[in-house]
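Here are my notes for your first look at this chain. Keep the view open and check each point as you read.

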Amino acid sequence: MSEKPKSVVLPVVAAAVFAGLGRMVLQKIRADRKARESNVAGPLDEKTRAWISEVVRTPRQ
């Protein structure tokens, strides 16, 4: 009887999935770092802060 050849597909697919997940994690880390550094909103003055607070608390008509 001849030996069964081992399948190469499963390890290749597992490696591809693992590499894809690693790439996604690295992209997420880079995006979070970039968002933290760029702080788009910026500091709010007291008048704007009070207006936002009032708008959030008041129910819509």
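1. Start with Val-17. This residue sits in helix H1. Please keep in mind that the model is predicted. Val-17 is partly exposed, with a relative accessible area of 48%. The cut-offs explain the label: buried is under 20%, exposed is over 50%, and partly exposed lies in between.

2. Now follow helix H1 to Lys-28 and Asp-32. Helix H1 covers residues 9–38. Lys-28 and Asp-32 are four residues apart in this helix, so about one helical turn separates them. They form a salt bridge, and their closest N and O atoms are 3.1 Å apart. In general, side chains of opposite charge can pair when their charged atoms come close. The count of salt bridges comes to one.

3. Is Asp-32 buried or partly exposed? Asp-32 is partly exposed, at a relative accessible area of 35%.

4. Move on to helix H2, which spans residues 46–57. Arg-57 lies in this helix. Its side chain joins that of Ser-53 through a polar contact of 2.5 Å. Arg-57 counts as exposed, because its relative accessibility is 63% and the cut-off for exposed is over 50%.

5. Finally, step back to the whole chain. There are two helices and zero strands. How much of the chain do buried residues make up? The share is 0% of the 61 residues. The chain exposes about 6600 Å². Carbon and sulfur atoms supply 64% of that area.

Technical notes. Residues are numbered from 1 along each chain as its sequence is written. This is a predicted model: local features need pLDDT of at least 70, side-chain atom pairs count only at pLDDT 80 or more; totals for chains, interfaces and linings use all residues. Side-chain values use heavy atoms; hydrogens and water are left out. A salt bridge is a side-chain nitrogen of Lys or Arg within 4 Å of a carboxyl oxygen of Asp or Glu. Buried means under 20% relative accessible area, exposed over 50%, partly exposed in between (1.4 Å probe, protein chains only). Accessible areas come from the Shrake-Rupley method with a 1.4 Å probe; for residues, only the protein chains shown count as cover. A polar contact is a pair of N or O atoms within 3.5 Å; within protein, one must be able to donate a hydrogen and the other to accept it, and residues adjacent in sequence count only if both atoms are side-chain atoms.
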